[in-house]
Amino acid sequence: MTSALKTHTTNTERHAGLILGWQSSHTSENTRRAYGRDLGQYLGWLDGIGLDPDTGDRVAGLDVLAVRRPVVDAYRLALVSGQLSPQDRPPTASTVARKLSAVSSFYAYAVGAGWLE
């Protein structure tokens, strides 16, 4: 029997073209790198929401283009609480702001590109 984890694709796999276009829209290499890391963390968090805590199998996962505001708010709370930091310490306010700016920029690009309304 195939594991559920192997039957689902990640947000990065499903939306590679959109992500590449968004990254290319930033003229600064430093911005592309930082925002790319930040969006990658967000996408990984969305993918991880659908993991079975006992088996680690993917049972669902949230598609980045189906997300609504309460999910982004939950992500912000996870950031602020330090749940997503390697040291389990809350990041600085400027780091949280940059990470959320990357997510906001991605969604603005997706709207402009016609992927979202």
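These legends walk through several close-up views of the predicted model shown above.

The model is predicted, so local features are described where pLDDT is at least 70, side-chain atom pairs count only at pLDDT 80 or more, and totals for chains, interfaces and linings use all residues. Residues are numbered from 1 along each chain as its sequence is written, and side-chain values use heavy atoms, with hydrogens and water left out.

**View 1**
Reading from the N terminus, the order of elements is α-α-α-α-α-α. Helices here are DSSP runs of H or I with at least four residues, strands are runs of E with at least two, and both are numbered from the N terminus. Of the 117 residues, 30% count as buried; buried means under 20% relative accessible area, exposed means over 50%, and partly exposed is in between (1.4 Å probe, protein chains only). Among contacts with a separation of 6 or more, 60% come from residues 24 or more positions apart; a contact means heavy atoms within 4.5 Å.

**View 2. Helices α4 and α5 pack against each other at about 110°.**
Their axes lie 11 Å apart. The axes are lines fitted to C-alpha atoms, for helices over the stretch in contact, and angles run from 0 to 180 degrees between N-to-C directions. The two helices are therefore roughly perpendicular, on a scale where under 35 degrees is roughly parallel, over 145 roughly antiparallel, 65 to 115 roughly perpendicular and the rest oblique. The crossing of α4 and α5 is right-handed, a term used when the near helix is turned clockwise from the far one by less than a right angle, with anticlockwise giving left-handed.
To find the contact, look on α4 for D38, Q41, Y42, W45 and L46, and on α5 for V71, V72, A74, Y75, A78 and L79. By class, the contact has 9 nonpolar, 1 polar and 1 charged residues. Ala, Val, Leu, Ile, Met, Phe, Trp, Tyr, Cys and Pro count as nonpolar, Asp, Glu, Lys and Arg as charged, and the others, Gly among them, as polar.

**View 3. R14 and D63 form a salt bridge.**
Their side chains meet at 2.9 Å, N to O. This pair ties together distant parts of the chain, 49 residues apart: R14 belongs to helix α2 (residues 11-14), whereas D63 sits in the loop between α4 (29-49) and α5. Both partners are partly exposed, R14 at 35% relative accessibility and D63 at 23%. The count of salt bridges comes to 6, each being a side-chain nitrogen of Lys or Arg within 4 Å of a carboxyl oxygen of Asp or Glu.

**View 4. E29, R32 and R33 are linked in a network of salt bridges.**
E29 meets R32 at 2.6 Å, N to O, and also meets R33 at 3.5 Å, N to O. E29 and R32 both lie in helix α4, 3 residues apart, about one turn of the helix. R33 and E29 are 4 residues apart in α4, so about one helical turn separates them too. E29 is partly exposed at 40% relative accessibility, as are R32 at 24% and R33 at 43%.

**View 5. S81 lies in helix α5 (residues 69-81).**
S81 is partly exposed, with a relative accessible area of 35%.
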